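Reader: I'd like to go through the charge pairs in this one. Can you take me through them?

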Amino acid sequence: MLVTRTKSKIWNHNTNSPKFSCPSFKDIQTLFSDDSNCNSPIPNKKPNIFHRVRRVSAVLRALSVRPGPDLPLKTLLPQPESNLKETRKSEPLIQIPGAEKKIVIYFTSLRVIRSTFDDCKAVRTILRSFRVSIDERDVSMDSGFMEELKTILGIREKTKPSLPRVFIGGRYIGGAEEIRQLHEAGELKKYVEGLIPADLSTCEVCGGHRFILCDECNGSHKYYSEKGGFRTCTSCNENGLIRCPSCYYAPITL
């Protein structure tokens, strides 16, 4: 019986051999390096790109709000609430006669301009929360409300004023931004004190819409005559509606 003898294989590491480098084995040289190099300090890694972007953004924000020679520091600080009252006192007084005990708001219910519709909806929600008498005048239901508003504000140009516009106690307050500021500051509650409480009943004639169909043209805004043919009805507005005779001058239903 013959026993085969195999030679032992021993790895001889030659320090003079060229170092092996391969892109897929970046740490191969570190594994075969001497033990003395293992205690070498690990080089500092560069900060992540996202951290660098955050640092640069913070520096830019700090520089953007730094007051310059033409920008005083007080313009960067929030203005006190008293400035709003002082501004209102300096403005010319605009009033609606006969509306001293209620709120009058000119708004639109059309969604043509989303921002305007959202402002009108937000202001109406804020005012309705006080449960006082509100006279809501929708300019989309009757264009006469827009002409009425332009006359009150003294606008003679063809341009239309922005909506909504709010009058409290017969006095002009402002638009959506002014109402939000007063409501957040808690000042709006003082304006509505002493107004007539809201009437929660519903009008049996118009169902709370405050408009009914015209009896002369049945809502078509036109009528026929034997002499002149079709003519425009002068008893209603452009939508063929007339204001409800039962609740138009009464507080609007909430």
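**Salt bridges and a surface patch**

Author: K190 is exposed, at 52% relative accessibility (exposed means over 50% relative accessible area, buried under 20%, partly exposed in between, with a 1.4 Å probe and protein chains only). This is a predicted model, where local features need pLDDT of at least 70, side-chain atom pairs count only at pLDDT 80 or more, and totals for chains, interfaces and linings use all residues. Residues are numbered from 1 along each chain as its sequence is written, and side-chain values use heavy atoms, leaving out hydrogens and water.

Reader: What does K190 form a salt bridge with?

Author: With E187, the closest N and O atoms being 3.6 Å apart; a salt bridge is a side-chain nitrogen of Lys or Arg within 4 Å of a carboxyl oxygen of Asp or Glu. E187 counts as buried, at 13%.

Reader: Which residues are joined into one network?

Author: K102, D135, R137, E148 and R210, through salt bridges that share partners.

Reader: ok, how many salt bridges does the structure hold?

Author: Ten. Among them, D119 pairs with R180 at 3.0 Å between the closest N and O atoms. D119 lies in helix α4 and R180 in helix α6 (residues 176–185), so the pair ties together parts 61 residues apart in sequence; helices are DSSP runs of H or I, at least four residues, and strands are runs of E, at least two, numbered from the N terminus.

Reader: And R124, what does its side chain meet?

Author: E136, at 3.1 Å, N to O. R124 is partly exposed at 22%, while E136 is buried at 8%.
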